[in-house]
Amino acid sequence: MIKLENVNKWFGEHHVLRDIDLEVARGEVVVVCGPSGSGKSTLIRTINRLEPIQQGTITVDGQDIYRKGLNINRLRAGIGFVFQQFNLFPHMTVLDNVLFAPVNIQKRPRKQAIEQARQLLERVGLAHKTDAYPGNLSGGQQQRVAIARALALQPPIMLFDEPTSALDPEMVGEVLQVMKSLARDGMTMVCVTHEMGFAREVSDRVVFMDAGSIIESDTPANFFSAPKHPRARRFLADVLAPRH
């Protein structure tokens with residue numbers, strides 16, 4: 001479903017992604033983790049061209065997404081993206097936020113889009129908030145609206161860029177529950193996250209990055225019980241250490 005081959009990216013002199021090779025199968029849930037500054041968010045943002053690459057190829061559902069003449073809006077409409085900051089339109093109600101892309105970008109009939117939007121809001125547990133504005137919602141609720149909005153385009157792929165890192169700890173669980181239900185339904189997902197419990201429980205594969213490179217890629221069982229790379233072992237020791 002997603003294939004990155006020899007992908008390299010620089011920010012000026014800084015080599016952010018180094019020779020990245022990664023394949024994600026249809027219906028697979030891949031968690032990308034690693035220390036801050038390892039290139040995780042940049043990597044996920046190249047998959048829908050929010051970040052351009054300087055070398056390599058990326059194909060999504062068999063299409064080279066960097067080929068000349070590609071319709072970027074159409075590409076992005078087929079890839080749901082959930083950001084760290086919720087990026088909702090503050091002046092629109094919850095329902096209108098979810099409706100915006102299907103009606104304005106995909107030109108779907110409004111009546112049909114409203115019905116679908118209500119179903120999606122019910123799915124993320126917010127059917128009672130259709131008329132609320134983002135400013136009146138908690139962070140966890142806003143992020144669940146953002147997930148419903150991304151799903152409204154009926155994408156075959158969902159990308160999550162640290163979707164829980166801006167949330168208070170007690171709100172993290174409600175967002176992860178929605179992500180777990182998507183995974184159970186067979187959605188192809190790539191998630192950049194520090195939530196190791198989610199990685200262990202839900203992912204099919206854990207990809208560990210450091211200094212712009214993928215240095216380990218394994219099943220959650222292997223990654224958490226016996227990481228091969230010393231950097232991965234150190235990362236897990238830090239992340240899983242009991243907090244005092």
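Phenylalanine 208 has a relative accessible area of 0% and is therefore buried, where buried means under 20% relative accessible area, exposed over 50% and partly exposed in between, with a 1.4 Å probe and protein chains only. This is a predicted model, in which local features need pLDDT of at least 70 and side-chain atom pairs count only at pLDDT 80 or more, whereas totals for chains, interfaces and linings use all residues. Residues are numbered from 1 along each chain as its sequence is written, and side-chain values use heavy atoms, with hydrogens and water left out.

Phenylalanine 208 lies in strand 9 (residues 205-210) and phenylalanine 235 in helix 9 (residues 230-240), so their pairing ties together parts that are 27 residues apart in sequence; helices (H or I, at least four residues) and strands (E, at least two) are DSSP runs, numbered from the N terminus. Rings of Phe, Tyr and Trp (its six-membered ring) pair if their centres lie within 6.5 Å, and planes under 30 degrees apart count as stacked, over 60 as edge-to-face and the rest as tilted. The count comes to five aromatic pairs, including these two:

| Pair | Centre to centre | Angle between planes |
|---|---|---|
| Phe81 and Phe83 | 4.5 Å | 35°, tilted |
| Phe208 and Phe235 | 5.2 Å | 55°, tilted |

Phenylalanine 235 counts as buried because its relative accessibility is 6%. Phenylalanine 81, at 9%, is likewise buried, whereas phenylalanine 83, at 21%, counts as partly exposed. One aromatic cluster is formed by Phe208, Phe223, Phe224 and Phe235.
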